[in-house]
Structures are given as C-alpha cells and as structure tokens.
Amino acid sequence: MDLALVVLVQVLYAVASLVIVSAGLAVIFGMMKVINLAHGEFMMLGAYAVIGALELGVNLWIAIFIVAPIAVGLVGVVLERLVIRRLYGRMVDTMLATWGLSLLLVGIVTSLAGNTTAGVSAPLGSFSIGAYSVSGYTLVIIAVAVALALAIRFVLTRTQLGLIARGTMQKPDMANALGISPSRVYSVTFAVGAALSGLAGGLLAPLTGVVPTMGAAFVAKAFITVIGGGPAILAGLLGASTLFGAINQLATFVTTPVLGEVALLVAAIVMLRLLPQGITGRFFKGSL
C-alpha cells in the first residue's frame, strides 16, 4: 500500500512537471503558432533569475513566483518587438529565428555566469510514506500545476484579456476592425507565454542543476506534449501531460530513468501515428 501511494505521488509529480514545463509553449506555439525553439532558454533564464535573486537576499518563494516570471516576461517583450513581430504567419521563419535566439541566449548567459553548474537547495525537506521518503517540494510542484491549469482556464474563458487574445489569434483582421491592436495583443500574449516558461524554470531550479544549456533537456518534452495534445490548448496540455507523464514515470519505476525517457518518446510516436491531429484532434473536440 505504501509503495502504491509513493508511485501515485511520483506519477502525479511527473504529470505536473510536464504541465508546468509545457504551459508557456502551449501559449506561444499552441495559440500563436510560433515555433519557439528558445522555450528551453526562457526556462533557463527563469532558473538564473532565481539564483540571482537569492544572491541579492530575496526570499526563495518570491524569487520563484515573482522574480522569475516577471524577468523572463520582460525579455519576451523585448524579443517579440525586435524579432518575432516580423515573422507572424511564417512558421518556418519563426523556427529558424528562435533557434538563433536560443544560441544567442546560451552564449550570453555562458559569458556572464560561466559554464559551471549552479544549484538551489530544495525547500520543505521530505516526509515519510511508510518506509519510503518523498520530497515535500514534490507536493508544491503538483499544487502549482493544478493552480496553473485553473488559472489558464479562468483567464481564457472569464477575463476580457483572455477572450480578446483568443479572438485575435483566430481573426486578427476582425479584431483590428473592432479597434483592437493585434500587435499589442500578440506582444502581451508572447510575454505571458515567456513568463510561464520563466516560472517553470524557477520552479525546476531546486530540482536540477542550473547551467546555460539546461533548456535542451526540456524543450523536446514540451514540444512532444503540446503537439501530442492537439489543437485544444488546455485540454490538450492536460491530456498529453497525463498520458506521457504517467508512461514516463511508470517506465522509470520499472526500469531506469533513461528507458523511461525512451518510453515517453515511443508513446508519442505511436500516439501521433494513430492520432495525427493529437488527442484533442480526435477527442474532446470543441474543448478549450
């Protein structure tokens, strides 16, 4: 019984991690159709923002939940205005441009912070489930993923900003005719997606070593999750995260972490072969 409960917690943690890692990309790629290969570097910037804030004496939770998303969101605004704004509707061009941005960001951070691994101690310690020990921070990740999913749904369905963003992404000409500036909406939406990526990096900083190249470990998972989820932003994100996170963690528990990653990739390939439009392209049609 104790082992089953530990496995359940770890599966929920794996699902929650995928939700957090992929949320920013779901906004930028899922809503805006911008292939953001710099998504991992946005996460990396969020992790370094936490480290920088801690060195200045800022509380860890403030650094994670306030400093990291705001800092990366501001970077997103600058990059959107300088680069991305000129490439909307040209997906291949956005892929090439953001790949270049990812290399640029890695180079800048490496020159400033060096290529050494920095670390942040995980807070809250651990608690026991029978003979097993589980990190308390695991529950924070799960709780944040639930809160993030609820917040995304609320913003997109219950707020004027969310409704305007969704409408503008679908019909920018109509939004412009109604007096809404599509360029401003795109800028704000991109900044929100970048901020979510920064939040993900900040949340994962206590769990992984922080190096300038850390984004490469997350960008593939994020794209697999968003593409596997299909056209519905939130339902697709939650559905794909649940499927792939559970497969990854269960395979890891039975075998090794490396084979767990392989199982996730194989599951994604099989699913996209059977469901080319993703989970919500076949199921949950019309969902958010």
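The mean pLDDT of the chain is 89, and 99% of the residues reach a score of at least 70. Where pLDDT is low, the predicted coordinates should not be read in detail.

Two packed helices are described by the angle between their axes and the distance between the axes. For helix 1 (residues 2-31) and helix 5 (residues 136-158), the angle is about 35° and the axes are 8 Å apart. The two helices, helix 1 and helix 5, form a left-handed crossing. On the side of helix 1, the contact is made by Val9, Leu12, Tyr13, Ala16, Ser17, Val19, Ile20, Ala23 and Met31. Helix 5 contributes Thr138, Ile141, Ile142, Val144, Ala145, Leu148, Ile152 and Leu156. By residue class, the contact of helix 1 with helix 5 consists of 15 nonpolar and two polar residues, with no charged ones.

The largest nonpolar core has 71 residues, and the members that touch the most others are Met31, Phe42 and Leu203. Helix 1 supplies the largest share of this core, with twelve residues. Met31 also takes part in the contact of helix 1 with helix 5. When neighbours within four places in sequence are left aside, the contacts of Leu203 are Ile20, Ile64, Phe65, Tyr137, Ile141 and Val144. Of these partners, Ile20 of helix 1 and both Ile141 and Val144 of helix 5 belong to the contact between the two helices. Another core, of ten residues, lies apart from the largest one and includes Phe244, Ala268, Met271 and Ile279.

Tyr132 lies in strand 2 (residues 132-135). Its relative accessible area is 34%, so Tyr132 is classed as partly exposed. Not counting residues up to four places away in sequence, Tyr132 touches Asp2, Leu3, Val6 and Phe127. Asp2 is 130 residues from Tyr132 in sequence, while the C-alpha atoms of the two residues are 7.6 Å apart in space.

Leu265 is part of helix 11 (residues 257-274). Leu265 is also counted as partly exposed, because its relative accessibility is 42%. A separation of 163 residues in sequence lies between Leu265 and Ser102, and their C-alpha atoms are 23 Å apart in space.

Definitions and conventions:
Residues numbered from 1 in each chain as written. Predicted model: local features only at pLDDT ≥ 70, side-chain atom pairs only at ≥ 80, totals over all residues. Heavy atoms only, no water. pLDDT = per-residue confidence, 0-100. Axes fitted to C-alpha atoms, helices over the stretch in contact; angles between N-to-C directions. Helix = DSSP H or I, 4+ residues; strand = E, 2+ residues; numbered from the N terminus. Left-handed = near helix turned anticlockwise from the far one by under 90°. Contact = heavy atoms within 4.5 Å. Nonpolar A, V, L, I, M, F, W, Y, C, P; charged D, E, K, R; others polar. Buried < 20%, exposed > 50% of the residue type's maximum accessible area, 1.4 Å probe, protein only. Core = buried A, V, L, I, M, F, W, Y, C linked by side-chain atoms within 4.5 Å.
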